[in-house]
Amino acid sequence: MKTKPESLQHILQQSDGMLKAIQDKALAYQKLNEALRHVLPAEFLRQVRVGSYERGILNLQVSSQSLAAKLRYLKPEVLSKLRQDTVFCGLSQVAISVVS
């Protein structure tokens with residue numbers, strides 16, 4: 001017996017599906033990136049993004065080595081400001097990696 005196809009909207013709204021988990025993770029990263037944007041200087045906004053945030057370690061991805069060097073110089077200040085945001089209250093370390 002054939003089953004009736006489910007609508008995409010129904011699949012996305014299921015609370016236990018894999019798509020829901022992906023959607024939740026994407027929303028979490030969006031919130032992390034938004035919080036990061038409030039802390040970074042303007043020159044970094046388009047070239048830095050959250051790569052991951054696990055166990056108190058925030059991995060920032062940057063587009064170039066020179067930008068990574070500048071960001072490493074600002075890391076203590078950025079870390080201090082991020083800890084003031086409730087999104088990053090458990091933040092213990094910031095790591096920086098260059099992606100192309």
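Hi everyone, let me start with a definition: two strands pair if DSSP finds at least two bridges between them. Helices (H or I, at least four residues) and strands (E, at least two) are DSSP runs numbered from the N terminus.

A word on the source: this is a predicted model, where local features need pLDDT of at least 70 and side-chain atom pairs count only at pLDDT 80 or more, while totals for chains, interfaces and linings use all residues. Residues are numbered from 1 along each chain as its sequence is written, and side-chain values use heavy atoms, with hydrogens and water left out.

Now, the sheet. It is open, with 3 strands in the order β1-β2-β3 and mixed pairing. β1 and β3 sit at the edges with a single partner strand each, so one side of each has no neighbour in the sheet. On average, neighbouring strands are turned by 25 degrees against each other, direction ignored. β2 and β3 run parallel and are joined by 6 bridges; Asn-59 stands opposite Ala-95 in β3.

Which strands does α3 touch as it packs on the sheet? The answer is β1, β2 and β3, and the direction of α3 makes about 165 degrees with that of β3. Contact here means heavy atoms within 4.5 Å, and angles run from 0 to 180 degrees between N-to-C directions, with axes fitted to C-alpha atoms, for helices over the stretch in contact.

On to the core. A nonpolar core is a set of buried Ala, Val, Leu, Ile, Met, Phe, Trp, Tyr and Cys residues joined through side-chain atoms within 4.5 Å. Buried is under 20% relative accessible area, exposed over 50%, and partly exposed in between (1.4 Å probe, protein chains only). The largest such core has 23 residues, and Val-48, Leu-58, Leu-60, Leu-71 and Leu-82 touch the most other members. Its largest share, 7 residues, comes from α3.

Let me finish with an aromatic pair, the 1 that the structure holds. For Phe, Tyr and Trp (its six-membered ring), ring centres must lie within 6.5 Å; planes under 30 degrees apart are stacked, over 60 edge-to-face, and the rest tilted. The partners are 35 residues apart, with Tyr-53 in strand β1 and Phe-88 in the loop between α3 and β3. Buried or partly exposed: what is Phe-88? Phe-88 is buried, at 0% relative accessible area, whereas Tyr-53 is partly exposed at 21%.
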